[in-house]
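This report is a first guide to the structure shown below. Please look over the sequence and the model before reading on.

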Amino acid sequence: MSDKKEPVKTDVKPGTIPMFKVLMHNDDTTTMDFVIAVLSQIFRKDQQSAMAIMMEVHEKGVGLVVIEPYERAEFHHDQVVSLARGQGFPLSVSVEPA
């Protein structure tokens, strides 16, 4: 019996961080102005980018906000939900592997 262990194979290349998509979902209550404010304040999007993302969410039902490492994506998710609930909006975001 050998003391050598087989190397664990993963889909992640050494030195790379898995990335995750933050997706924003449309609803019938959250105002377009609030969505633009969230995109500007939390995700630091300029006015033109925030407007484009908001329109994608409005027209397609879901829109890609950003691709980033998991911890940051979860942090942004929590910020959006907290801010939205504080203002009485049901705005939702999800995080999924990129």
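## Terms and model

Two residues are in contact when heavy atoms of one and the other lie within 4.5 Å. The model described here is a predicted one.

## Overall layout

The protein contains three helices and three strands. Starting at the N terminus, these elements follow the order β-α-α-β-α-β.

Of its 98 residues, 29% count as buried. Among contacts in the protein with a separation of 6 or more, 71% are between residues 24 or more positions apart. The accessible surface amounts to about 6900 Å², and carbon and sulfur atoms account for 54% of that surface.

In soluble globular proteins, nonpolar side chains tend to be buried together. In this model, the largest nonpolar core has 22 residues, and M24, V38, L39, F43, V65 and L91 are the members that touch the most others. At least two core residues come from each of strand 1, helix 1 (32-41), helix 2 (47-60), strand 2 and helix 3 (70-86). Helix 1 gives the largest share, with five residues.

L91 is one of the core members with the most core neighbours. Apart from residues within four places in sequence, L91 is in contact with M24, H25, D27, T30, F34, V35, V38, V80, A84 and R85.

E68 is part of strand 2, which covers residues 62-69. Is E68 buried or exposed? With a relative accessible area of 6%, E68 is buried, because that value falls under the cut-off of 20%.

Which residues does E68 touch, if those up to four places away in sequence are not counted? They are M19, F20, V22, A73 and H76. Two of these residues also have polar links to the side chain of E68. The E68 side chain makes a polar contact with the side chain of H76 at 2.7 Å, and it reaches the backbone nitrogen of A73 at 3.4 Å.

M19, one of the residues touched by E68, lies in strand 1, which spans residues 19-25. M19 has a relative accessible area of 34% and is therefore partly exposed, as this value lies between 20% and 50%.

Note on methods: Residues are numbered from 1 along each chain as its sequence is written. This is a predicted model: local features need pLDDT of at least 70, side-chain atom pairs count only at pLDDT 80 or more; totals for chains, interfaces and linings use all residues. Side-chain values use heavy atoms; hydrogens and water are left out. Helices (H or I, at least four residues) and strands (E, at least two) are DSSP runs, numbered from the N terminus. Buried means under 20% relative accessible area, exposed over 50%, partly exposed in between (1.4 Å probe, protein chains only). A polar contact is a pair of N or O atoms within 3.5 Å; within protein, one must be able to donate a hydrogen and the other to accept it, and residues adjacent in sequence count only if both atoms are side-chain atoms. Accessible areas come from the Shrake-Rupley method with a 1.4 Å probe; for residues, only the protein chains shown count as cover. A nonpolar core is a set of buried Ala, Val, Leu, Ile, Met, Phe, Trp, Tyr and Cys residues joined through side-chain atoms within 4.5 Å.
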